[in-house]
Amino acid sequence: MRVVYPILALLLVLFSFLNCKKQNDLIEPKVVDSLFYTTQEKAWIYAADSSTAFTPFSALDSQQLIVLKKTSKNVKVPNDTTTYLVRRMLKTYAQYATYQNLAAPEIGINRNIIIVKRLDKNGTPTEVMINPVITQHSNSTSIVQEICLTLPNNYPASVERYNLIFLEYYDLEGIKHSEMIENQTAALVQHAMTHLGGGVLPVTIDPLAFTGQEIDSIMNQADSVPMRIFLTTIYTDSLILRKQSIDVRPDSNDVVLMTLIKRMRAALATTTGVGIAAPQVGINRNIIWVKRLDKPGKPFEVYLNPKIVMTSSNTVLFNGDGCLSVPGITGRTLRWAAIGIEYDLLDGTHHTEVVQGTSSTNFTAVIFQHEIDHLNGILFIDRIAKSIQNK
Ligand SMILES: [Zn+2]
Ligand SMILES: [Zn+2]
């Protein structure tokens with residue numbers, strides 16, 4: 001076993017490296033090309049001087065409606081044409097200020113640029129948001145009365161909008177911003193972003209986005225504050241501990257994900273534990289922290305979406321398995337001697353690794369099995385060796 005696995009691990013690492021490289025080669029050129037303005041777009045943008053407003057498009061005009069229904073593309077920042085376009089958009093926005101937002105498609109350019117009045121900031125400044133992306137949103141929504149520049153006579157209309165959104169966007173200098181935006185301003189952003197999607201419907205729901213309930217329990221304290229460890233002795237906690245967890249989207253810019261990870265680590269730090277899984281702090285997501293007893297310095301490391309993809313044929317009886325969520329009980333559990341795992345890291349990279357170690361000084365393989373079990377609603381007490389249970 002000790003001879004076979006290092007070779008296998010090496011092959012797996014090599015394979016995943018080759019795989020990643022191939023994907024990058026395929027994707028990159030396409031993204032870069034679409035960032036540049038077409039000749040047609042430039043003709044429209046530079047048709048007047050930068051202090052001249054555009055004439056807004058109308059959804060009642062069948063030719064202009066085609067443009068309004070198109071999906072917009074990202075732009076490059078900083079970029080002279082983008083700056084020129086935004087100057088003209090700001091002039092247009094100022095002429096129709098009652099709408100409090102303007103999206104580039106509304107003036108005939110299918111690019112991801114919006115202007116929004118920041119009702120949530122002092123002095124309600126007008127802000128330009130380039131390539132905006134809603135990374136998370138609350139579950140809770142409100143019905144908002146909205147007006148739209150492209151349908152001046154058909155509004156106000158009642159539209160459902162998320163009360164809270166997490167928004168990532170760039171400014172004209174190319175600086176990235178990540179913000180939580182609420183209520184009226186969030187509704188304005190959602191309205192403007194609906195234009196970027198070429199539609200009039202609310203944004204589509206991402207199945208991996210954190211739910212409103214998850215966001216509430218993760219963001220209710222600073223990221224240094226430990227989350228409460230759920231216990232099998234509390235009935236409502238035990239229901240969460242027995243639930244199947246779901247994946248997360250790896251993203252180190254995701255404020256909610258980063259806060260959850262830090263607060264899990266803080267919770268673990270209040271104990272003598274060597275690992276923790278997200279369900280243990282009440283969040284059914286595939287995230288674990290593991291103390292790498294097999295690495296120099298024995299660091300704590302975080303893994304996203306970990307899965308056991310292969311197991312050794314031989315098992316061991318591991319003495320002294322225990323759990324932060326199962327107070328007062330330890331036991332001898334049946335564990336695989338070695339496992340092959342797959343996981344994602346925060347930078348979005350995917351990894352495959354063989355983990356060994358079931359001895360009293362290095363039981364890393366047991367820690368991974370214990371923590372990944374949590375993600376499937378399995379507790380160590382389910383693994384207590386049958387022969388021991390029967391005695
Ligand atoms: Zn509109
Ligand atoms: Zn546990």
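Contact here means heavy atoms within 4.5 Å. The structure shown in the close-up views is a predicted model.

View 1. Ser72 is located in the loop that runs between helix H3 (62-68) and helix H4 (80-95). Leaving aside residues up to four places away in sequence, Ser72 touches Pro105, Ile109, Asn110, Arg111, Asn112 and Leu196. A polar atom of the Ser72 side chain lies 3.2 Å from the backbone nitrogen of Arg111. The relative accessible area of Ser72 is 9%; because buried means under 20% relative accessible area, Ser72 is classed as buried.

View 2. Cys148 belongs to the loop between strand S4 (141-146) and strand S5 (157-162), whereas His195 belongs to helix H5 (residues 183-196), so the pair ties together parts that are 47 residues apart in sequence. Both Cys148 and His195 are buried.

**View 3. Protein donors of the zinc ion (ligand 2).** The spacing of the donor residues in sequence is C-x46-H-x3-H. Cys323 in strand S11 (residues 315-323) and His370 in helix H9 (residues 364-375) are 47 residues apart, and this pair links distant parts of the chain. Cys323 counts as buried, at 11% relative accessibility, and His370 is buried with a relative accessible area of 7%.

Key
Residues are numbered from 1 along each chain as its sequence is written. Chains are lettered from A and ligands numbered from 1 in the order in which they are written. This is a predicted model: local features need pLDDT of at least 70, side-chain atom pairs count only at pLDDT 80 or more; totals for chains, interfaces and linings use all residues. Side-chain values use heavy atoms; hydrogens and water are left out. Donors are N, O and S atoms within 2.8 Å of the metal (3.2 Å for Na, K and Ca); water is not among the atoms, so sites may look incomplete. Helices (H or I, at least four residues) and strands (E, at least two) are DSSP runs, numbered from the N terminus. Buried means under 20% relative accessible area, exposed over 50%, partly exposed in between (1.4 Å probe, protein chains only). A polar contact is a pair of N or O atoms within 3.5 Å; within protein, one must be able to donate a hydrogen and the other to accept it, and residues adjacent in sequence count only if both atoms are side-chain atoms.
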